[in-house]
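Here is a friendly walk through one structure, taken a region at a time.

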Amino acid sequence: MNDSAIAESTPPLKREKKAVKANKITEENSDAYTTVGQAFSENAKMSMTNVDVFYGEKQAIYDVNLDIGTNEVVAMIGPSGCGKSTFLRCLNRMNDTIDTCRVTGNFFLEDQNINDKKMDVVPLRARVGMVFQKPNPFPKSIYDNVAYGARIHGLADRRSDLDEIVETSLQKAGLWNEVKDRLQQPGTGLSGGQQQRLCIARTIAVSPEVILMDEPCSALDPIATAKIEELIDELSQNYTIAIVTHSMQQAARVSHRTAYFHLGKLIEVNETEKVFTNPDHDLTEAYITGRFG
Ligand SMILES: Nc1ncnc2c1ncn2[C@@H]1O[C@H](COP(=O)(O)OP(=O)(O)OP(=O)(O)O)[C@@H](O)[C@H]1O
Ligand SMILES: [Mg+2]
């Protein structure tokens, strides 16, 4: 059978879907799609395949495939409700805390599938740490906030070891000079931007490999935001970072690759500069030019 004969014998609907698969996705028929661009990495720290997420009957993530490279910063962008936080939370099993949430698919952290129900999430969350939208220091001293994880995970036998972990974590988080004389004061007494850096120090203190950030600057002023962005840049030398942001400028400033989500689907992943100057997909273009979102 030649090509036109095959086309004739294929029901019209199927033919349409094939065309869509070949990359012509529009908002109307975004049901069938393949992610365009470069979702895979040569040097993956985390590798996700066939990820579906449901809240009860409602599906929130559809067949997402994405790698996050070692020491790479991947930004996740897209309109409100498109599934960015849901996807991010899968990466350290935070969705386990939501009763109705069901996650299927593979999530490899190097060679370990972290979606395996036998996996202990406590050590996993030390390896894959998370910084939330709203700074959430514990009602403890600055010192104890940073020392918390190190104590739980038994990382320091002696007080002097713990002191060192606290100091280096605060230094890496760019907060040491501002708090070194008030380590015993409550973490909640710091400014919002300082609290967020404290939370980053707390995350770093347990030597994670991956840091997840869900809109870490949305509660901060531009100066505090600039500090966190500088920090992300420095941290990326030693850590792998996935960051959700509503700020396209922020994604452009801090990330190497950008992933665009739309209605639970991963539409496009590409080098950040490409996404913001010459995206492959119409939906990405519509979003970055402000036509929706
Ligand atoms: N705990 C939950 N229970 C039920 N549905 C939820 C829950 N959390 C999120 N959803 C739904 O899942 C979808 C994706 O939500 P999610 O919070 O991941 O979006 P988002 O891209 O992070 O949005 P935003 O930019 O507003 O933070 C939405 O339709 C949302 O209503
Ligand atoms: Mg969110």
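## The nonpolar core

In this predicted model, the largest nonpolar core has 71 residues, and the members that touch the most others are Met76, Ala201, Ile241, Ala242 and Ile243. In soluble globular proteins, nonpolar side chains tend to be buried together.

Take Ala201 as a way in. Leaving aside residues up to four places away in sequence, Ala201 touches Val146, Ser169, Leu170, Ala173 and Leu175.

Across the chain, buried residues account for 41% of the 293 residues. Of the contacts between residues at least 6 apart in sequence, 67% join residues at least 24 apart. The secondary structure comes to twelve helices and eleven strands.

## Helix H5 and its neighbours

Val146, one of the residues touched by Ala201, belongs to the buried set of helix H5 (residues 142–152), along with Ile142, Asn145, Ala147, Gly149 and Ala150. Which helices do the buried residues of H5 pack against? They pack against H4 (121–127), H6 (159–172), H7 (176–179) and H8 (192–204). After H5 comes Gly154, with a positive phi near 60°.

The pairing of H5 with H8 has an angle of about 35°, and the axes are 7 Å apart. On the H5 side the contact uses Ile142, Asn145, Val146, Tyr148 and Gly149, and H8 brings Leu198, Ala201 and Arg202. By class, this contact comprises five nonpolar residues, two polar ones and one charged.

## The seven-stranded sheet

Seven strands form an open sheet with mixed pairing, in the order E1-E11-E10-E4-E9-E8-E7. Strands E1 (36–37) and E7 (128–131) stand at the edges with a single partner strand each, so one side of each has no neighbour in the sheet.

Within the sheet, E4 (residues 73–77) and E9 (residues 240–244) run parallel and are joined by four bridges. Val73 has Ile241 as its bridge partner in E9, and Ile241 is also among the core residues that touch the most other members.

Now look at E2 (residues 44–55), which runs antiparallel to E3 (residues 58–69) and is joined to E3 by eight bridges. Val51 stands opposite Val64 of E3. The hairpin of these two strands has two residues between them, and Gly56 takes a positive phi near 60° there.

E2 also pairs with E5 (residues 101–109), again in the antiparallel sense and over eight bridges. In this pairing Met48 stands opposite Phe107 of E5.

## Around ligand 1

Which residues lie around ligand 1? They are Tyr55, Ala60, Gly78, Ser80, Gly81, Cys82, Gly83, Lys84, Ser85, Thr86, Ile98 and Thr100. Helix H3 (residues 84–90) supplies the largest share of this shell, with three residues. Sorted by class, the shell has four nonpolar, seven polar and one charged.

## A look at Thr34

Our last stop is Thr34, which sits in the loop between helix H2 (12–21) and E1.

Thr34 and Asp63 are 29 residues apart in sequence, and their C-alpha atoms are 9.2 Å apart in space.

Conventions
Residues numbered from 1 in each chain as written. Chains lettered and ligands numbered in written order. Predicted model: local features only at pLDDT ≥ 70, side-chain atom pairs only at ≥ 80, totals over all residues. Core = buried A, V, L, I, M, F, W, Y, C linked by C-beta atoms within 7 Å. Buried ≥ 20, exposed ≤ 12 C-beta atoms within 10 Å, placed from the backbone. Contact = placed C-beta atoms within 7 Å. Pairing = 2+ DSSP bridges. Near = placed C-beta within 6 Å. Nonpolar A, V, L, I, M, F, W, Y, C, P; charged D, E, K, R; others polar. Axes fitted to C-alpha atoms, helices over the stretch in contact; angles between N-to-C directions.
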